[in-house]
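Open your viewer and keep the selection tool at hand.

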Amino acid sequence: MNTSGRYILLVLGIIISLHYLLSFTHESYGRATSLSNIKSTLLGSQQAPPTVADTYYGFGHPNDTLAVDRRANATFVILARNSDLSGTIRSIREIEDRFNRKYRYPYVLLNEEEFTDDFKKRISVLTPSTVEFGLIPREHWFQPDWIDEDRATKSRNKMVADNIIYGGSVSYRNMCRFNSGFFFRHPLMEKYRWYWRIEPDVHFHCDIDFDPFVYMEDKNKVYAFTITMYEYEATIPTLWGHVRDFAKLHPEYVAENNAMGFMSENGGEKYNLCHFWSNFEVADMNFWRGPTYTAFFEYLDSKGGFYYERWGDAPVHSIAAALFASRDQIQFFDEIGYEHNPYTHCPKLGNNWQKGRCSCDPARSFDYDGYSCMSKWDRFMDL
Ligand SMILES: Nc1nc2c(ncn2[C@@H]2O[C@H](COP(=O)(O)OP(=O)(O)OP(=O)(O)O)[C@@H](O)[C@H]2O)c(=O)[nH]1
Ligand SMILES: [Mg+2]
């Protein structure tokens, strides 16, 4: 090799050594000159930004095995807004710790707006279960066109004047109607039979060492509750009349041995306002999807009371369960210590409280509060 050749090699050697030295000692220099960075700079906008998926297929620790050998075709369902993120995290954290870390049931989260990437990311790290995020179809959520808006506005204004909680809110009414007649028709819910409804910011106070879904499937149950109470009459002034009309039109739908006696002391003439508090529900969606409830919901919906009054999904579901299922298909889960502000059900039967290592105070359980319908339920079921 001649002298100039040797010089070229020497200069090249110095440049390469300097490059490596700088790459190791100066992070930003290393990043700027890395091959992948140069490639992405050259490809420019062809590179898709990182995305957050709508479905997370959960995975556990490689050594984890499922602690149970049988599960039901079931899911948790949570209706939430993006602003409900921290409350939703708290609820999932608690149900995971108290129950689902053993059972690994999936979650479906629904919203009438797209969940943000941040929401999806923060929720999906909480559990090894599959988590799916769904957008609610417009026609399942918003006030239908055939509702007379003048009449609806007048009624909302009157409720605001009367100080009725959520009386002026259209979105609350959308939510109640959606929970009454649509959540079980969402495409992400269609593959499941059973659901457990959870809301942001609720609490599970006890270990749940059995599978409520499997229990219900084996015992032929359709609807389970933990808290029952009186409804505000002003939110449902005409609901019971429509229920009676429907039952007269369709006596064939009314179940034998039903639980109507829990809701009326005079053979159905007057509603005593008792209902199951539907922010907690474990139930069979085949019941809601079947011809009876479909006809019932459509009948009620056609009366417009979700908007002209403020019918809640709690009385609508409860009355349906009481009328169209037999009383022994309705389950009270004493074992499930549950709190939705401001009320708590704390286990009371046998040694449920000790066995569940419950964090609630049994002395402050809502069950026998004057506003609870639990003693009525006990009396009714003992008949
Ligand atoms: N996506 C969405 N979810 C809603 C909306 N309004 C309520 N929700 C959810 O629907 C459920 C019931 O709403 P809440 O506001 O808790 O109603 P509530 O339990 O009757 O009343 P609170 O005593 O305030 O809890 C919760 O899971 C909420 O996160 C809404 O406009 N959009
Ligand atoms: Mg709530």
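A crossing is left-handed if the near helix is turned anticlockwise from the far one by less than a right angle, and right-handed if clockwise. Helices (H or I, at least four residues) and strands (E, at least two) are DSSP runs, numbered from the N terminus. This is a predicted model: local features need pLDDT of at least 70, side-chain atom pairs count only at pLDDT 80 or more, and totals for chains, interfaces and linings use all residues. Residues are numbered from 1 along each chain as its sequence is written, while chains are lettered from A and ligands numbered from 1 in the order in which they are written.

**First stop: helices 4 and 5**

Select residues 85-103 for helix 4 and 117-124 for helix 5. Their axes (lines fitted to C-alpha atoms over the stretch in contact, with angles from 0 to 180 degrees between N-to-C directions) lie 10 Å apart, at an angle of about 15°. Helix 4 is therefore roughly parallel to helix 5 (angles under 35 degrees count as such; over 145 is roughly antiparallel, 65 to 115 roughly perpendicular, the rest oblique). Their crossing is right-handed. Now show the contact (C-beta atoms, placed from the backbone, within 7 Å). Leu85, Thr88, Ile89 and Ile92 of helix 4 meet Phe119, Arg122 and Ile123 of helix 5. By class, that is five nonpolar, one polar and one charged (Ala, Val, Leu, Ile, Met, Phe, Trp, Tyr, Cys and Pro are nonpolar; Asp, Glu, Lys and Arg charged; the others, Gly among them, polar).

**Next: helices 8 and 15**

Select 170-181 and 313-324. The axes come within 8 Å and cross at roughly 20°. Helix 8 passes helix 15 in a right-handed crossing. Cys176, Asn179 and Ser180 of helix 8 contact Asp313, Val316 and His317 of helix 15.

**Then: the strands**

Strands pair if DSSP finds at least two bridges between them. Strand 3 (107-111) runs parallel to strand 4, joined by five bridges. Find Leu110 opposite Gly134. Strand 1 (55-56) pairs with strand 4 (131-135) in the antiparallel sense, over two bridges. Thr55 faces Glu132 there.

Move on to the open, antiparallel sheet of three strands, ordered 6-12-13. Strands 6 (203-204) and 13 (343-345) are at the edges with a single partner each, so one side of each has no neighbour in the sheet. Strand 12 (338-340) meets strand 13 over three bridges. Glu339 has Thr344 as its bridge partner.

**Last stop: ligand 1**

Which residues surround ligand 1? Select Leu79, Ala80, Arg81, Asp84, Asn111, Glu112, Ser171, Met175, Glu199, Pro200 and Asn279 (C-beta atom, placed from the backbone, within 6 Å). Four are nonpolar, three polar and four charged.

Key
Two residues are in contact if their C-beta atoms, placed from the backbone, lie within 7 Å.
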